[in-house]
Amino acid sequence: KKHYMQEEVARQLEMCSYAKEQMANPINVKITNLGENINTEYGDYTPVVTAKESMMIFTSRRKGSTGPENNLEFDNRYFEDIYITFMQGGEWTAPEQIGGGINTPDHDAVISLSADGQKLFTYNTEGGGDIYLSYRMGDDWTLPDRLGPTINTSARETHASITPNGKTIYFSSNRSDKNTTQYGELDLYMATKLPTGGWSEATNLGDVINTAGDDDAPFIHPNGKRLYFSSKGHQSMGGYDIFYSDLNDDGTWTTPSNIGYPINTTKDDIYYVESPDGKRGYYSSINADVGYGRSDLYLVDLLSRPTVPLTLLTGIMEVQIEDGIALEAQIAVKDTATQEVTEYTPNAATGEYTII
């Protein structure tokens, strides 16, 4: 016991000195609270945006959650619900509850959104805590389906993020699996899409990424190479900090880097996502000085960050509909260097597509 406390104290001291060092060398960013149109006096968190930054979905514990009028949990707080807002004329529209029966009388939280805005991953506390997937149909959403047994287990699966080509999923879990090494309570895992449409067995991302502390909230950048996540391990200022690591060509990961102060603080910093050009990030933070409530949504302009070289191809695919049935149209994109073909599915009702 004594030995354990010595380790813990040493870790706390290390975080204090690292926090001082980080605060003395802030990174060149501009952080903006998304304002009272979006944020409330209640908890607002986990913002996710499309590649075009035209639609944002987030979780809130604001008044008016789905269910009975007094839909309060035992701690006198409202249940989590998922809200959606659109960018119009440089402003976010007033958030509304997302459709499609996604919000239930229980907790419903958004996890991530595919870059094209067609796949929405949500979290529900059923089954110990599992990851669900909903598809966008026009302006509505399908009822969420629980992801299969290689992703969800009887343990907690808390967060997931999918690459733009839909072929790799990164997720967090506290499973204890005799086939893979565990490094801490929550670890990051990956699985790949099989030709059958299901997911492969999950593999632990290994000890470059995962630590003895909790490792959670993965976000794979639209370039498919940079992984952001939050961890209580690594070189941290305290609580959860946001880190990033790049995927090498041989499948290994670079040593995670702390994203820096003032994005990271001595409190929990988690649920960070980024625009395709790498110039803007969206995240939630508890900042008593400038916040409206328990936690708020923020936009960060990464002023000194070089632009990530990506091409964004968007449009509307018009397919002749026979007998009133929309054809299962897909767009096939071939990489001329690797000959790899990726199929993208436009929005079934509107034909809109986004390809990165």
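Predicted model: local features only at pLDDT ≥ 70, side-chain atom pairs only at ≥ 80, totals over all residues.
## Overall form

The protein contains one helix and 26 strands. Its radius of gyration is 20 Å, close to the 21 Å that the globule rule gives for 356 residues, and so the protein is as compact as a globular protein of that length. Along the principal axes, the C-alpha atoms fill a box of roughly 75 × 50 × 45 Å. Of the 356 residues, 49% count as buried, while the protein exposes about 17,500 Å², of which carbon and sulfur atoms supply 51%. Among the contacts between residues at least 6 apart in sequence, 51% join residues that are at least 24 apart.

## Nonpolar cores and a surface patch

In soluble globular proteins, nonpolar side chains tend to be buried together. The largest nonpolar core here has 22 residues, and those that touch the most other members are Leu34, Ile38, Met56, Ile263, Tyr272, Tyr282 and Val300. Two or more residues of this core come from each of the strands β3 (55–60), β20 (270–274), β21 (280–285) and β22 (296–302), and β22 gives the most, with five residues. Ile38, one of the core residues named above, touches Asp44, Met56, Phe58, Arg62, Thr85, Trp92, Thr93, Pro95 and Leu297, again not counting residues up to four places away in sequence. Apart from this core lies another one, of 16 residues, which includes Phe121, Ile151, Ala160 and Ile169.

Tyr4 lies in helix α1, which covers residues 2–24.

## Salt bridges

The structure holds twelve salt bridges, and the table sets out some of them.

| Salt bridge | Closest N and O atoms |
|---|---|
| Glu340 and Lys167 | 3.1 Å |
| Lys225 and Asp249 | 4.0 Å |
| Asp277 and Arg280 | 3.3 Å |

In the salt bridge between Glu340 and Lys167, Glu340 belongs to the loop between β24 (331–334) and β25 (341–344) and Lys167 to the loop between β12 (157–162) and β13 (168–173), so the pair ties together parts that are 173 residues apart in sequence. Glu340 is partly exposed, with a relative accessible area of 39%, and Lys167, at 26% relative accessibility, also counts as partly exposed.

The salt bridge between Lys225 and Asp249 likewise links distant parts of the chain, with Lys225 in the loop between β16 (215–220) and β17 (226–231) and Asp249 in the loop between β18 (241–246) and β19 (257–258), 24 residues apart. Lys225 counts as partly exposed at 37% relative accessibility, whereas Asp249 is exposed, with a relative accessible area of 77%.

Asp277 and Arg280 form a salt bridge, and salt bridges that share partners join these two residues and Glu53 into one network. Asp277 counts as partly exposed at 24% relative accessibility, and Arg280 is partly exposed with a relative accessible area of 21%. Glu53, by contrast, has a relative accessible area of 13%, which means that it is buried, because the limit for that class is under 20%.

## Backbone details

Glu53 is found in the loop between β2 (44–49) and β3, and its phi is near 55 degrees, a positive value in a residue other than glycine. Gln339 also has a positive phi, near 65 degrees, and is a residue other than glycine. Gln339 lies in the loop between β24 and β25, and is partly exposed, with a relative accessible area of 46%.

Finally, the peptide bond from Tyr261 to Pro262 is cis, with omega near 15 degrees, and Pro262 has its place in the loop between β19 and β20.

Notes
Residues numbered from 1 in each chain as written. Heavy atoms only, no water. Helix = DSSP H or I, 4+ residues; strand = E, 2+ residues; numbered from the N terminus. Rg over C-alpha atoms; globule rule 2.2 N^0.38 Å. Buried < 20%, exposed > 50% of the residue type's maximum accessible area, 1.4 Å probe, protein only. Contact = heavy atoms within 4.5 Å. Areas by Shrake-Rupley, 256 points an atom, 1.4 Å probe, with all protein chains shown as cover. Core = buried A, V, L, I, M, F, W, Y, C linked by side-chain atoms within 4.5 Å. Salt bridge = Lys/Arg side-chain N within 4 Å of Asp/Glu carboxyl O.
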